[in-house]
Structures are given as C-alpha cells and as structure tokens.
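Colleague: Can you take me through the labels on this one? I'd like to hear what stands behind each term.

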Amino acid sequence: MIKQVPDTKAVTAKAMKEDGTVNRAALPAIFNPEDLNALETALEIKDQYGGTVTAITMGPPNACEILRESLYRGADRVILISDRRAAASDTLATSYILGCAARNLPHVDVVLCGRQAIDGDTAQVGPQLAEKLGLPQVTYLEKLMEMTNKHVVAKRNLGNGWEMVRSKLPVLMTVVDSANIPRPPAAKLMMKYKKVRGAVEVVREIAGEKDPNDPALKAQIDQRIKELKQKCLLIEQWNLDDIKADLQWCGRDGSPTKVHRIQSVVLKGTGHKQFAPTQEGMKDLIHNLIEERTLG
Amino acid sequence: MIRVNREGSVWIFAEQELGQLSDVPLELLSKGRELADKLGVRLGTFLLGQGIGELAGKLTAYGADDVICVEHPLLKDYQTTSYARVICDLIQKYEPQIVLYGATAMGRDLAPRIASEMKAGLTADCTDLQIGDHEEKDGTVHKNLLFQIRPAFGGNIIATIINYDRWPQMATVREGVMRMPEPNTSHKGKIVNEKVNISPEDLAVTILEKHRQAKKVNLKAARIIVAGGAGVGSKDNFKLVWDLANALGAAVGASRAAVDLGFCDRDHQVGQTGTTVRPALYIACGISGTVQHRAGMQESAKIVAINSDPNAPILQLAHYGIVGDMNVVIPKMIKALKERS
C-alpha cells in the first residue's frame, strides 16, 4: 500500500484549507519515502521467492505518478482507488477503504506498507489495516530473515533495540527506512510503462476544466482509454462501489477524529537579546549566561 | 465503539517491559489526573503482563485511583493481537471515556490496532490534552470532550482534534511531553485483578530473540542541550555541534530535518515526534524552528539561537539570538568558553 505525499521538506504556510485538511495540490508531491522501502521489500521477496507485486494507492489523479514509479521498479500490477467520497478520510476510514480493496484481490500472502507517511506521521494505517484484514502485524520491519509459504521470520528495529519474530502467513508488515535502499527505476521498464495512464488522468488531459460529459470530449476520452486498454497501458481504477465499501465508514462520515479548530501560531517575539557574531559578541553572551547562573 | 459514557474513567495504558514501567505512563498520570478531576471521574490504569503485581503500588503512588491488573504467562512479552484483544475486552467491560497511550514503539503498534477493532478515534503524538466543548455547524454542542492538540502538517499551525461519538476518545503522547508527577505513597488506589483465557494459538507472532540497548543519549535528563538543524548543512559539519556540546558538557540534540538528512541519529531528535525537553539551556544551531520542533523545546529555561536567517522563527522564541553563520559563531563561542575565568 503506497501513498503520494506532499513533500514536507518543501512546505509553506499556504498549505492548509479552512476546514483543517491539507491542500495537497499546493505542494510538490513525492512517493512517501518509507513506502518506497516497502515496495523494495516486496520486490526483494519477489526476486528471491517469486510471486506478484501489486501496488495500490488511494488518492487523487496525481497519485497515478507513484503507480507508474512502482511499475518502473518492477511491480506487476498497479491499482488506483479513486472516489470523491473517500476525501477527508482519517486513518480509520482510510484503512477501511484499503481493506476493502485488499479483499478485492484474489489472494494476498503479504501486505507491506511504509511505517508512516511524512505528512500525517501517525503510523496508524498499517496496524489498522492489519486489524481490518484480520492479519497478524509485524511493525518496524528492518530485515526479512526467511520465508516459507506458511511463515516468515523477521527482524524488527524498535529504536531502543531489536527483536527477531516469527509470524504466520498471511501477514501485514510495516517497513522502516533503515530496511533497505530502494532500487532506482529500471530504464527498460520506464520505456515500457512511461505511457501508462489512469482513466482520471486521461479525463484531465483531454477535458481539463471543461465538462468531460460533453459529447465531443467524451468521445475523445473514451477513444483514448480504449487505446490504452488495448495496449495494456491503462491503470486499473476502482471506486468505492467496485470494492463494495460501505459509505458510512468512508470519508468524513467514516472518520471518528474531526478537526475542532486550527490555529496559526503567532510568535510573540518578546524581544530576544541580540549578540553580534563576533568574538566580542560571544564573550558578552557567555558573560551574560554566567551572570544569570545558566552557566556555572 | 462504546457508548458515549459521561461517567467513564480516564485510563492510561501502563506500558511495562521486563517488569519495569516505562516513563511515559507515569508522565501521563499527571495529565490524566488533571483531566479526570476536570471531568469529575476516576483515573485508572491497566497493566498487562506476568509477575507485575508490585507495579500496581507504583501506579497508585503516581496518582492512579484504579489499577486493573491482567496477569497471564502468555502476556509476559508484548504481542499485538493478544494485548489488543485483552484491552478491547476491558474497554467493553469498563467503558472508559478516554484512553491514553505512550507513543512508544509498543504504543504505536498497539493503539491503532485497538482503535481499529473498536472503530474508535485515535490521535497520534499529542502535545497537549485539554477538556473543552465543541459546537457543530448545525448548532449541536458536545460538552467536555477531550481536545487532542498537536502541531499540524503544513506550516505554523496547531490543530485541535476531537471525537464526539466514536468512543473511547484515544490519544498517544510522546515521552517527555507531560511532566512526571511527584510520587505520593500515601495516595491509595483500588487494585482489581482481571482473569483472561489465552492459548498459544492466540499468539500469531512469537518472539524468537529480544535485544534492548540503552538510548545513546538521555535528553530528558540533560541540563544543557546543543542542537543542530538542517542549517548545519552536512553530517561532517555537524561535528561543530558536538564540539560545542563537549565544551559545555552538554547533550547533543537534533531537529527532525537534521535526522532525516542523516546528520545525526534519531535518538537525538528533539520535537513533537522526538523527545520533549526542558533543559536549563538550549542552544539551537541552524534550526529554523518549525512548530513541530518548538513543541519539543519551547519550555527550555533559556534558549540561544544561532541562525543566518534573521527571519527564522526560532529567533522569535529565543532569549538570546545571534544572526550569523554557525561555522563562524560556534568556534568563537567555544573560544569564549575556554577563556572565561
């Protein structure tokens, strides 16, 4: 499960909307770093044991970019979950939707997620998704030691130490950034998949701001989608009905946590005392700190 | 989820490992006391493990009115699904209105699992918790809700999150955010032992080997901290931060940005998703001072900031500011320290 996130290192204060949710469109979007680690873990499993790797993301049309990036690295199948009714989902609603999507796949042995997304930082979706799917969870995965079709042995990095655990399959694992160095896109795969598009992207490319149901535009859109499908270049797209999601558990209605208010922090600036960046300045500062007994 | 139970207690998960209580539940007891008193309800803790009976006394000394002890050999080591099931059963039985967890490796593995099973709300990494009222657009007022307060993504913003119907209201809080209370052994509490049935088949994950190491640095105990941010520029350059810290006998801290850039180990991270500190002196070098970082150090007694950008927010927060290049300033500071009489 992967997520496209605003690049938190490039944030400006204009990013928030009135209702307290993030205005993602205003920021450069990237592949959530730890999800790239998760994808790498999936690809390493495939390299060593075989199997197919499916990457799923829930997001706006822009999220198709990370699905392409997954294909460039070796994913076999990519799916976009796109539905306006999923907007403003908190972690519980998100994990519910992702759970419905996972259940829509024929068979899953291992579900991998990044430990956390750099925008929300909650690290909640992984464990919540595991619960929804009734799977055991192994969080903070650093290294897969061994795998059979019945169990997996993994090393977890807990920050203050590590643990070696054995889990039955199927299992959900969340991957930390120290686990691996994600492989770069492969040139051959980029050539093969660079024209891959999602239906939502085609609509946006052809109709733009205009009404996509306008007969002339619709014909163009349908034609393009048909061509992409014939060449196997169309990203699978599921909406909430496709995955049989119950709307009461989705979006704002399905989110127990709500924003009461957001406040801009206004720093009072009680006037700091300035010291010059010179030797004299430093002598004064140290003297000051000693005088007031901050330094002995 | 459970019903909205106005008589429900405030509960704190008493995280323990190898028979030792983590610091965070003790810190949470002080805030828990405040919340429980405001709501006029009891403050309870719940403790899972094996041979943990003596920890109950410590929890009451730190303020718990109730301690629910669940002992079982199979609960000796933390395992997600068994702990989650036991706790969900406890929540169903006792219907607390608020449940708080430390945002530790265990808490972050456990709390979301419980939230999902209970279909309840959970807010991570809160920097403050208060009780307040919330009015919806249609005029409905929900009184005495838990305000789950935390810096929000997207700039200089603090968000207050609430959950008025999918109870219990749950939150995780990082180490050091709440102050450790003074223990009071004369404070007595009620200890309840709950029985559970667990079989080995309930443990989907088994621990084969465990290895714990002490944290590289004890930021909470440090009297002086010298911290570096993204402005330090490189891992090599971070040596200057270490040099200054050594000259002061100080601990080294780092902003989230510096840790993400690989300049410093995560153990040194100060801020909302790191450790919260209150040293006598905090020297911030090349740290811009985002709201998330400030949440972790703004209660320092004295703050010195070195930044080449005169508009860096940290300078607004600092008591003493130096606008300049830290590569120039730090060596001069070290020299001044050596020369002091």
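Predicted model: local features only at pLDDT ≥ 70, side-chain atom pairs only at ≥ 80, totals over all residues.

Modeller: Residues are numbered from 1 along each chain as its sequence is written, chains are lettered from A and ligands numbered from 1 in written order, and side-chain values use heavy atoms, leaving out hydrogens and water.

Colleague: What makes β17 and β18 of chain B a pair?

Modeller: Two strands pair if DSSP finds at least two bridges between them. Strand β17 (residues 302–307) and strand β18 (residues 320–323) of chain B have four, in the parallel sense, so they count as paired. Within that pairing, B:Ile306 has B:Ile322 as its bridge partner.

Colleague: Why is the six-strand sheet called open?

Modeller: The order is β13(A)-β18(B)-β17(B)-β16(B)-β14(B)-β15(B), with parallel pairing. β13 (273–274) of chain A and β15 (251–254) of chain B are at the edges with a single partner strand each, so one side of each has no neighbour in the sheet.

Colleague: Which strands does helix α8 of chain A lie across?

Modeller: Helix α8 (residues 279–291) lies across β13 of chain A plus β16 (281–285), β17 and β18 of chain B. Contact means heavy atoms within 4.5 Å.

Colleague: How much of chain A is buried?

Modeller: Of its 296 residues, 49% count as buried, meaning under 20% relative accessible area with a 1.4 Å probe, protein chains only.

Notes
Buried < 20%, exposed > 50% of the residue type's maximum accessible area, 1.4 Å probe, protein only. Helix = DSSP H or I, 4+ residues; strand = E, 2+ residues; numbered from the N terminus. Axes fitted to C-alpha atoms, helices over the stretch in contact; angles between N-to-C directions.
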